[in-house]
Structure formats: C-alpha cells, structure tokens
Amino acid sequence: RYQADVICLQEHKLQEVHLDDPKLKIREYFEEKLSGFESHWSYSTKKKGYSGTAMFIRKRGGGDDGGDGDGASKKGKKQAKLGAFFTSKNKADGEATKGDSIGDIPVSNLQPLNVMTELGLPKHDGEGRTVTAEFPLFYLTNVYVPNSGQKLDRLGYRTEEWDKDFLNKMQQLEKGKPVIWLGDLNVAHNEKDTWNEGAKHLAKSAGTTAEERESFDRQLDAGFVDAFRHLHQDAMGHYSYWSQRAGNREPNKGLRLDYFICSKDLMEDSNGQKVVVRDSYMVPDELGSDHCPIVLEIEIMK
C-alpha cells in the first residue's frame, strides 16, 4: 500500500536480549514482516521496559531479501496491522530498480552512509530515544521525546535540557546537510492540534502545557518547519493520538503528537534542490496502537 523506504518506531520498550528470546521469537517475526529491510535499534539502558526506538531501512542495490543481523521491532501482536506499510519481498525494488538506479535516481542516494543509535550526549543517551541515519542528501532522526509525566515531574528536564540539547544537535547536523526529525514529540503545538482546546486541564497536562508549546516554538523558530502544518495550514481534526482508556478514537477526540520536522531548504522546490518534501499526513485507519502512523513523502531529484 505504501511501499515505504524507511519505517520508524518509537517506544518499543525492548531490550536487546528480547530479540533472540526463543519463546518470544521477536526476531523471527520481524525478519518475516520486514524482509528486505535492515534494522537499527536503540535501547533504554537506564530503565528496563522503557522507551526505545527503531529504524528500518529498505535494502537497495543487490542485498538479499532476508532480515539483517540486527533483528526486529515492536510488540508483534499490537502492530500486526501495520503490515500495510511493507511490500512483499522487495516488490518495489524489483519493479523500479535497474542496475545502480531507481528510475533516474542513483540507488546510492537511498542507502545510508552511517547510522547512529545515540546522540553523543551521555546525559540523554541512556534512554534509547534516537536513531539517526545519514543519507547522502540529508539526515533522518527518529526520536521519542521524553514525556513530561502525569504529574509534570519531568517538565523541567524535557523543556530546559532535552529540547535545548536536541535542537543544538540538529543544528550541528544541519551544518552539513538538511535535517528531518520525526516521531512522537509529545506536544500538541496549538489549538489546531487538540480536539478540546480551551479545556482547563490542558494547561496542566503533559503535551499541552505552555512550557512545552513554547519550547517547541523555539525549535521551529530556529529555522525548522512542521511539514504537515506547512502543507496543510488550516487543517483541523487531523490527529495522531487518541486515549484508548477514554475510547476517543472513534469520535476522533485526539491530539497531534507526532511530526516530521524539516530544514526549511527541504520545503523549497527551487532550481538545484535535490530533495523536496511533497506531502505529509496521518493514517488514522491503521490500528494497533493509541497512535497512528504518519507519513512523509519526499522527492529526490535526478
């Protein structure tokens, strides 16, 4: 259905030992579901059963169709319906790839040069919150931003430490090439991103506090763009999270907590531009989680 080139998951909660546990068979499951992808994992070392991110990158240029040595991902049963994002064994490659190109695009532009499972910041890296792939034309960072907590006990850490340090890291990367960061950012930016804006409890709820929204504003003001909102400025009712406990999915009482944030250059279709963002949207009909997948479509020029 989507023939995705890269799949990113947040909050898998796994430890590395879980992948090869003979009872869980997690590696086997994902080697079957993600045949033709290579996987890259970041795990929480500070706390078990917590956080964790994973990135799956479609193999290009003659690799075998089996799963790679790293293994697999999230909770098999809960994610079963996400198979719509994966084609059968390299179907997309077989139809489009000729030699060292896909159409007019060199295969090398779709192959990562390097993948990093840490930010290089010891005070943050122990929670397994990022995977960054460097492609020839841009960086792609999968991130699970810390939740401020039910009692907002991590609000200060999140806004005064994590958000600032993460932005600084993205700015460092951007000095070399454009950046895309994506994932569960744990913030509903403004009134267009909540179903019940104005409710009194929002000001004291994680993801909708003034501090979190202002911190996100500062990240965007530093020269980055919320791809969905840039392309769909007046869109309302487009959410990526719904409370399961409250049964909010069917009536679409949600929040937009998941984003693609891009360097401004990627939003400009100008002469000489090698990569251009074409669309971004949610896929609310894909079940299996209290979040739904979000998609970014980019065009790589020849």
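In which loop does leucine 137 lie? Leucine 137 lies in the loop between β8 and β9 (139-144), where the names of strands refer to DSSP runs (E, at least two residues) and those of helices to DSSP runs (H or I, at least four residues), numbered from the N terminus. The structure is a predicted model, in which local features need pLDDT of at least 70 and side-chain atom pairs count only at pLDDT 80 or more, while totals for chains, interfaces and linings use all residues. Residues are numbered from 1 along each chain as its sequence is written, and side-chain values use heavy atoms, with hydrogens and water left out.

Leucine 137 and valine 179 are 42 residues apart in sequence, but their C-alpha atoms are 9.2 Å apart in space. Not counting residues up to four places away in sequence, leucine 137 touches Asn109, Lys177, Pro178, Lys274, Val275 and Ile300, contact meaning heavy atoms within 4.5 Å.

**The two sheets**

Strands count as paired if DSSP finds at least two bridges between them. Six strands form an open sheet of mixed pairing, in the order β7-β8-β9-β10-β14-β11. Its edges are β7 (114-116) and β11 (224-226), each with a single partner strand, so one side of each is left without a neighbour in the sheet. Neighbouring strands of this sheet are turned by 15 degrees against each other on average, direction ignored.

Three further strands form an open sheet with antiparallel pairing, in the order β1-β3-β2, and its edge strands, β1 (6-10) and β2 (37-42), each pair on one side only. Here the twist averages 15 degrees from one strand to the next. The table sets out one strand pair from each sheet.

**Two helices side by side**

Two packed helices are described by the angle between their axes and the distance between the axes. The axes of helix α5 (residues 155-174) and helix α6 (residues 210-221) come within 10 Å and cross at roughly 5 degrees; such axes are lines fitted to C-alpha atoms, for helices over the stretch in contact, and angles run from 0 to 180 degrees between N-to-C directions. Because angles under 35 degrees count as roughly parallel, α5 and α6 are therefore roughly parallel to each other. The contact is made by Leu155, Arg158, Thr159, Asp163, Phe166 and Leu167 of α5, together with Glu211, Glu212, Ser215, Arg218 and Gln219 of α6. By class, this contact has three nonpolar, three polar and five charged residues, where Ala, Val, Leu, Ile, Met, Phe, Trp, Tyr, Cys and Pro count as nonpolar, Asp, Glu, Lys and Arg as charged, and the others, Gly among them, as polar. Helix α6 also lies across β10 (179-184), β11 and β14 (258-263), running at about 120 degrees to β11.

**The largest cavity**

On a 1 Å grid over the protein atoms alone, a cavity is a set of points where a 1.4 Å probe fits but cannot get out, and lining residues have an atom within 4 Å of a point. The structure holds three cavities of 30 Å³ or more, and about 60 Å³ of space lies in the largest cavity. Among the residues that line the largest cavity are Val145, Trp181 and Phe216. The largest share of its lining, four residues, comes from α5.

Technical notes: Parallel < 35°, antiparallel > 145°, perpendicular 65-115°, else oblique. 1 Å grid on protein atoms, 1.4 Å probe; cavity = no way out; pocket = protein on both sides within 12 Å on 5 of 7 lines; lining within 4 Å. Points joined across faces, edges and corners; volume = space filled by probe spheres on them.
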